[in-house]
Amino acid sequence: MANKKNHVSPGEERLNLGISLQKRNPLFSRLKGYVQVLGKQNMGKDAAYVHSSGTIYLNKDALLSPEQWAYTLAHCKLHLAFGHFDAERMPGYEKPRPDGSSEWVVSCNKEVWNTACDIYIAKFLRDIKFGSPTCENPADFFPGSLTDEQKIYQYLMGRGHGGDGLNSGYGTAAGMDMQGLGHPLVYNAKRNERNGFMLQFAYALAYSVSSVVSEAGGHGEGTSRTHTATEKAAQWFISHYPLLGGLAAGFRVIEDYSFCNQEEISVAAVNVTAGEIYVNPAAGLNEEELKFVLAHEFLHAGLMHHERCKGRDPYLWNVACDYVINGWLREMGVGEMPDRGLYDEALKDVSAESLYDRIQKDLKKFSKLDTFRGYGKGDVMAGGSNGGGVPGSGLTSLDDFYRSALQNGLEYHQGGERGFLPSGLIEEIRALSMPPIPWDVQLGNWFDEFFTPLAKHRTYARPSRRQGSTPDIPRPSYVPGEIPEYSRTFGVVIDTSGSMDTRLLGFALGAVASYAVAKEVPYARVVFCDAAAYDAGYLAPEEIAGRVQVKGRGGTVLQPGVDLLEGAKDFPENGPVLIITDGWIEDHIRIRREHAFLVPRGRRLPFAPRGKVFYFEE
């Protein structure tokens, strides 16, 4: 089951990602401001607003992207940093009079002042290209000579915006996004009081400029960008964890928020074809969580989950593999599993294939779970531009590299006694060293289960050829055992709908006929199924392909064909049934006897089969 701890809504998740983006910025991460998250019941249509006390209120139900949230939060912080609540910065401010009769006076229009400040901040954020703007570019509507808030305020007042409740759309709220303007901040110069928000902005600005200069020069703190927490976690596997060290060395880890946002990667994903792992820097994982996530993606690739899908639903197969991998990593004590990881103690020691069959029986529960990529998406991605090879590896394909790296890692790990490994993981890694059995060989093994070779016996009815050299000595010959009529047979239910590929169907039937002849099966009971069932009776194996006609009258229903075969009085009760279909059939078939399915590779059955499934291809 998915870990429901700290469950957040999609809107709140976007908000958290936006806050993470803002925290990664060298300027805005150092600006003051206490953030309080509320909902639409408290804030209505307002996305955010800021109070003069320094509290920033965010509406978690607002429909903003993470980059728009980063922009919105920066906008609110800049109201404080630019001193927009300071009495001495507001139009109409009067300095304290010598007689002390009035300490301060502010006579500006608060709505217009708020709008002027919004326009100034919008221009500033456009200039530094931070976040995704939630408003139009002010430079398209206001003269370039309006270089500060006071000038923008005078410009607006001069055009009659003094009492119309101006709402320009440049702020973060439906109305005013600056709360507390009725009580502007006043600082006592005699006590050397200064605006702490503005002081912090000066320090943050100096730091961010220094960071950019240091990075451009290739030295100083700016160069730490090349040693992120994700890169440190990946390096840890190379130097400390031999099982996955080889895989870690062959993967390129990419931390690109824009790409992750485009591909909808919430935490991480792996592209096994390109040899790349994508980590969303806005996920906010610590180094131990990054170790867990990277190990998770390494095992997806090393255990060939992309190849083992074999016609299954890719997302549900991904979910099954996630449960198995996360269970192993927790046993091994590799890093710390993030909250959204799929884990269930009850599924311990269950293979991914077996778990997939369970999931098929409870699709309502498992159909929309969070993987590390996100809600309802698999973190094993397809496609890429790497060409399928590993530079400098000497291997012809990435699949060869994955197998070799994981097998060698297992030997080093066990030889150096570097820690506990689950038995299920060891078995899967060792199984990778065995070449996969071709589908036609698997089909032949299935025939072997039901048709043992016929024992030969001696008979004088047909004399041996050696009889001619010794006519006085009778010699019997060896002949195969007699085959009782219809006792050595099997049933074939063939999908003949228009969706079937006739070329592949003929290829599959040719293989079936070859094995039937090799196992000395004289006849097979054949039923053709399209929108209705047609009983072709008993046919010699080599005649089946010639009798097939793809009619394509509509959707295929195989249950009548199965019922016809099982109810036939001349078909033996223990006769197995082979069903050849492309998978575009009904959602459930009831088969009471031994059976197997022959399905084109890349297709899948719409239900969890009880019999074996062979995926054929040319």
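How many residues has helix H4, and what distance does H4 reach from its first C-alpha to its last? In this predicted model, H4 covers residues 110-128 and has 19 residues. Its first and last C-alpha atoms are 27 Å apart. That span is close to the 27 Å expected at 1.5 Å a residue. Both ends of H4 carry a local feature.

The chain as a whole comprises 618 residues, of which 47% count as buried. It contains 20 helices and 16 strands. Among contacts between residues at least 6 apart in sequence, 67% join residues at least 24 apart. The chain exposes about 30900 Å². Carbon and sulfur atoms supply 49% of that area.

Gln559 was examined in detail. This residue is found in helix H20, which spans residues 559-567. Gln559 counts as buried because its relative accessibility is 17%, below the 20% cut-off. Leaving aside neighbours within four places in sequence, Gln559 is in contact with Glu586, His588, Ile589 and Arg590. With Arg590, a polar atom of the Gln559 side chain lies 2.7 Å from the backbone nitrogen. Gln559 and Ala532 are 27 residues apart in sequence. Their C-alpha atoms are 9.6 Å apart in space.

Key. Residues numbered from 1 in each chain as written. Predicted model: local features only at pLDDT ≥ 70, side-chain atom pairs only at ≥ 80, totals over all residues. Heavy atoms only, no water. Helix = DSSP H or I, 4+ residues; strand = E, 2+ residues; numbered from the N terminus. Buried < 20%, exposed > 50% of the residue type's maximum accessible area, 1.4 Å probe, protein only. Contact = heavy atoms within 4.5 Å. Polar contact = N/O pair within 3.5 Å; in protein donor to acceptor, adjacent residues only side chain to side chain. Expected span 1.5 Å × (residues − 1). Areas by Shrake-Rupley, 256 points an atom, 1.4 Å probe, with all protein chains shown as cover.
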